[in-house]
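Welcome to this short tour. Open your viewer, keep the sequence beside it, and follow along stop by stop.

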Amino acid sequence: MAMTAQDVVDLVDAHLGVPRRETTVDEYLAGGPDQEVHGVAFTMMATLDVLQRAVAQGLDLVITHEPLYFHHREEWNATLAAEADPVHGAKSAFIARHRLVVRRLHDAVHDTSPDRIVDGAAHALGWTGFERAGLPTVFDIPATTLGALAEHAARALGAAALRYIGDPDLPVTAAGVQPGFWGFEKNRAVLARPDVDVLLIGESNEWETAAYAADAASAGLAKGLIVIGHVPSEQEGMSATADRLAALLPGLPVAFVPTEDPFRLL
């Protein structure tokens, strides 16, 4: 049976079952709702590499957690097009040539209970069931050290360029998890808690959360910060979401197309 992009989106939204935000980034970024689609790619970030691999698999609806053109609310799109930016041009031309539909799935998966992106990272880390009652982004975990936890997170989440701040021998039994970019206010609110030893994040502005964590260490406070990288921190959450949603679409090919972590270490 032929399906439009909106048919797929309606099934996904019904499955997630959360109210649509009054102002949301979960919109069409390319193509439109009435376009017939022949396969669905779920991904963490619709990079050109991801789009190329989706096309190679015959998937023409790309459901992405992150934006298409380098801004959370796509505010750069018109400027980049007007300036004939070469990267924007190459990407938009590829999308047009292959008649891709790109749809954002960000707010809805964060608004589920539990937050599916946090839950996916926790599952990959082996922390399912360790979340603290009433505080679902904090996990009471088996005793370890900051250095050992950083190594574990890098392996479990496939983080090629993970960094951390703090004493590697710092004892850790309580960890906050904020995949992606939550901002300093939310980072600090968890890291400052006396009952949290370490915060794992995707990324931050380095003059904000990273500087705060460095100052905490200099002040002799028992705190650590692990910076996973945006892509690997949210990848598992979108992969798990794709697995659950694939069952809703038995008439279409559905695949999770992983986003490559773009960073490398020297």
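Start by selecting phenylalanine 70, which lies in the loop between β5 (61–64) and α3 (77–82). Helices (H or I, at least four residues) and strands (E, at least two) are DSSP runs, numbered from the N terminus. The model is a predicted one, where local features need pLDDT of at least 70 and side-chain atom pairs count only at pLDDT 80 or more, while totals for chains, interfaces and linings use all residues. Residues are numbered from 1 along each chain as its sequence is written, and side-chain values use heavy atoms, with hydrogens and water left out.

**Stop 1**

What kind of aromatic pair do tyrosine 69 and phenylalanine 70 form? The pair is edge-to-face, at 6.2 Å centre to centre with 70 degrees between the planes. Here, rings of Phe, Tyr and Trp (its six-membered ring) pair if their centres lie within 6.5 Å; planes under 30 degrees apart count as stacked, over 60 as edge-to-face and the rest as tilted.

Is tyrosine 69 buried or exposed? Its relative accessibility is 4%, so tyrosine 69 counts as buried (buried means under 20% relative accessible area, exposed over 50%, partly exposed in between, with a 1.4 Å probe and protein chains only).

Next, select glutamate 74, in the loop between β5 and α3. Glutamate 74 has a positive phi, near 60 degrees, and is buried, with a relative accessible area of 15%.

**Stop 2: a cis peptide bond**

Move to serine 113 and proline 114, which are joined by a cis peptide bond with omega at about 0 degrees. Proline 114 sits in the loop between α5 (107–111) and α6 (116–125).

**Stop 3: the whole protein**

Buried residues account for 47% of the 266 residues. Along the principal axes, the C-alpha atoms fill a box of roughly 60 × 40 × 35 Å.

**Stop 4**

Phenylalanine 184 lies in helix α8 (residues 184–191) and tyrosine 212 in helix α9 (residues 206–218), so the pair ties together parts 28 residues apart in sequence. Phenylalanine 184 is partly exposed, at 27% relative accessible area, and tyrosine 212 is partly exposed too, at 29%.
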